[in-house]
Amino acid sequence: MLALAVWPVGNFPLNDDWDYARSVRLFLEQRQFALSPEARVTLLAQALWGALFSLPLGFSFEALRLSTLVAALGGIMATFTLTRLLGGGTLVSGIAALSLAVCPLVFVLAFTFMTDVPVTALSAAALALLVASLEKPTAPLLALGTAACVAAVLVRPTALAVPVAFALAVVCSWPQPAAWGR
């Protein structure tokens, strides 16, 4: 609803997303991946995500903004799910998700192709999947959580905090998670 108030249309860059967009354009036009010298992030997963949204109509900043808005929605839903898994009721989980949605940094950057929102969304998804794998130890949940961690790190290396935190949780709750793969 708030996105409609912003009305994020126009084929122009915002903030520094012009720099990240170059990787998407290069991938679409030459099937090569390269970071600009200015980029301080890994960006591979985000470039592929942006390219996916650019495929139907070609490269545009509008397509890249749409990709970030979709990632933001996924992050909001993952935050709700994570809060529920951690014992929050529907109201508390809704407040947590809404807090992320209206957080000024998330809200503003959701209308760009910056890495902040995608790494937050992927980290929230990874955490939700990994927490679920602690509660119900199955290989598919662990594999999906690991894949989300890898994707988050391939957007920004700071997402390495998620698998480190998960490893600490596993060590601290030993031996219960040993049931994985049953």
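Trainee: In which helix is Leu 48 found?

Mentor: In this predicted model, Leu 48 belongs to helix H3, which covers residues 44–54.

Trainee: Is Leu 48 buried, partly exposed or exposed?

Mentor: A residue counts as buried under 20% relative accessible area and as exposed over 50%, with partly exposed in between. Leu 48 has a relative accessible area of 41%, so it is partly exposed.

Trainee: Which residues form a nonpolar patch on the surface with Leu 48?

Mentor: Phe 33, Leu 35, Leu 44, Val 150 and Leu 154 form the patch with Leu 48. Together these residues have about 440 Å² of accessible area.

Trainee: How should I read a pair of aromatic rings?

Mentor: Two values describe such a pair: the distance of the centres and the angle of the planes. Planes under 30 degrees apart count as stacked, planes over 60 as edge-to-face, and the rest as tilted. In this chain the count comes to three aromatic pairs. One of them joins Trp 49 and Phe 53, with 4.9 Å centre to centre and 55 degrees between the planes, and this pair is tilted.

Trainee: How many residues apart are Trp 49 and Phe 53 in helix H3?

Mentor: They are four residues apart, which means a separation of about one helical turn.

Trainee: Why is the pair of Phe 107 and Phe 111 edge-to-face?

Mentor: The ring centres of Phe 107 and Phe 111 are 5.3 Å apart, and the pair is edge-to-face because the planes stand at 75 degrees, past the cut-off of 60. Phe 107 counts as partly exposed at 25% relative accessibility, whereas Phe 111 is buried, at 6% relative accessible area.

Trainee: How many helices and strands does the chain have?

Mentor: There are nine helices and zero strands. The radius of gyration is 17 Å, close to the 16 Å that the globule rule gives for 182 residues, so the chain is as compact as a globular protein of that length. Along the principal axes, the C-alpha atoms fill a box of roughly 50 × 35 × 25 Å.

Trainee: What is there to read for the chain as a whole, in burial, contacts and surface?

Mentor: Of the 182 residues, 38% count as buried. Among contacts with a separation of 6 or more, 64% come from residues 24 or more positions apart. The accessible surface comes to about 9,900 Å², and carbon and sulfur atoms account for 73% of it.

Notes
Residues are numbered from 1 along each chain as its sequence is written. This is a predicted model: local features need pLDDT of at least 70, side-chain atom pairs count only at pLDDT 80 or more; totals for chains, interfaces and linings use all residues. Side-chain values use heavy atoms; hydrogens and water are left out. Patches are made of residues with over 30% relative accessible area and no salt bridge: like charges are joined within 9 Å, nonpolar side chains (Val, Leu, Ile, Met, Phe, Trp, Tyr) within 5 Å. Accessible areas come from the Shrake-Rupley method with a 1.4 Å probe; for residues, only the protein chains shown count as cover. A salt bridge is a side-chain nitrogen of Lys or Arg within 4 Å of a carboxyl oxygen of Asp or Glu. Helices (H or I, at least four residues) and strands (E, at least two) are DSSP runs, numbered from the N terminus. Buried means under 20% relative accessible area, exposed over 50%, partly exposed in between (1.4 Å probe, protein chains only). The radius of gyration is taken over C-alpha atoms; the globule rule is 2.2 Å times the number of residues to the power 0.38. Contact means heavy atoms within 4.5 Å. Rings of Phe, Tyr and Trp (its six-membered ring) pair if their centres lie within 6.5 Å; planes under 30 degrees apart count as stacked, over 60 as edge-to-face and the rest as tilted.
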